[in-house]
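Let's take a friendly look at the charged pairs in this model. The structure comes up next, and the notes follow.

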Amino acid sequence: MAISEVYKCSEGVYQADPCDDGTEALDLSHVGSVVENNHKLDKQNIQTYINNQQVEREIYSLELQRKKAIEKRDRRLNELKNSRRRAMNNLAGATWQQSLAQEMNAVTQQADTQVSMIDRQIAQLRTEFK
């Protein structure tokens with residue numbers, strides 16, 4: 001049996017090469033003996049473990065998407081707020097401010113819809129998690 005080193009780079013990310021200079025190889029000396037001595041592990045338990053790992057990765061990915069959607073919304077709202085300040089110094093400012101307010105509402109609604117969809121997906125995945 002060939003033994004190679006494994007490095008943990010981040011949550012759920014493992015690789016054969018070091019991630020950076022400070023990364024140390026994981027101690028996997030006990031892995032073979034645990035699997036060989038544990039008679040409770042069968043194909044169903046292994047498949048359940050694999051499925052749960054996949055669900056965890058999907059949840060993590062969705063949580064990142066959620067965070068990015070909120071950050072994108074906040075950036076866009078800040079841009080619109082800055083435009084709104086400029087509109088106050090403009091003769092056609094009232095019309096421009098109304099347009100900016102409508103766009104801000106649209107940006108907020110779009111982001112809220114996206115975040116709600118992601119939250120529902122996460123909740124669904126968590127019910128599948130065993």
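## Salt bridges overall

Searching the whole structure turns up six salt bridges, each being a side-chain nitrogen of Lys or Arg within 4 Å of a carboxyl oxygen of Asp or Glu. This is a predicted model, where local features need pLDDT of at least 70, side-chain atom pairs count only at pLDDT 80 or more, and totals for chains, interfaces and linings use all residues. Residues are numbered from 1 along each chain as its sequence is written, and side-chain values use heavy atoms, leaving out hydrogens and water.

## Glutamate 63 and arginine 126

One of these bridges joins the side chains of glutamate 63 and arginine 126, at 2.9 Å from N to O. Glutamate 63 sits in helix α2 (residues 43–87) and arginine 126 in helix α3 (residues 93–128), so the pair ties together parts 63 residues apart in sequence. Helices here are DSSP runs of H or I with at least four residues, numbered from the N terminus.

Glutamate 63 is partly exposed at 34% relative accessibility; buried means under 20% relative accessible area, exposed over 50%, and partly exposed in between, with a 1.4 Å probe and protein chains only. Arginine 126 is also partly exposed, at 48%.

## Two further pairs

Arginine 73 and aspartate 112 form a salt bridge at 3.7 Å, N to O. Arginine 73 lies in helix α2 and aspartate 112 in helix α3, 39 residues apart. Arg73, Asp74 and Asp112 are linked in a salt-bridge network.

Glutamate 103 and arginine 76 meet at 2.4 Å, N to O, in another salt bridge. This pair links glutamate 103 in helix α3 with arginine 76 in helix α2, 27 residues apart.

How values were computed: Helix = DSSP H or I, 4+ residues; strand = E, 2+ residues; numbered from the N terminus.
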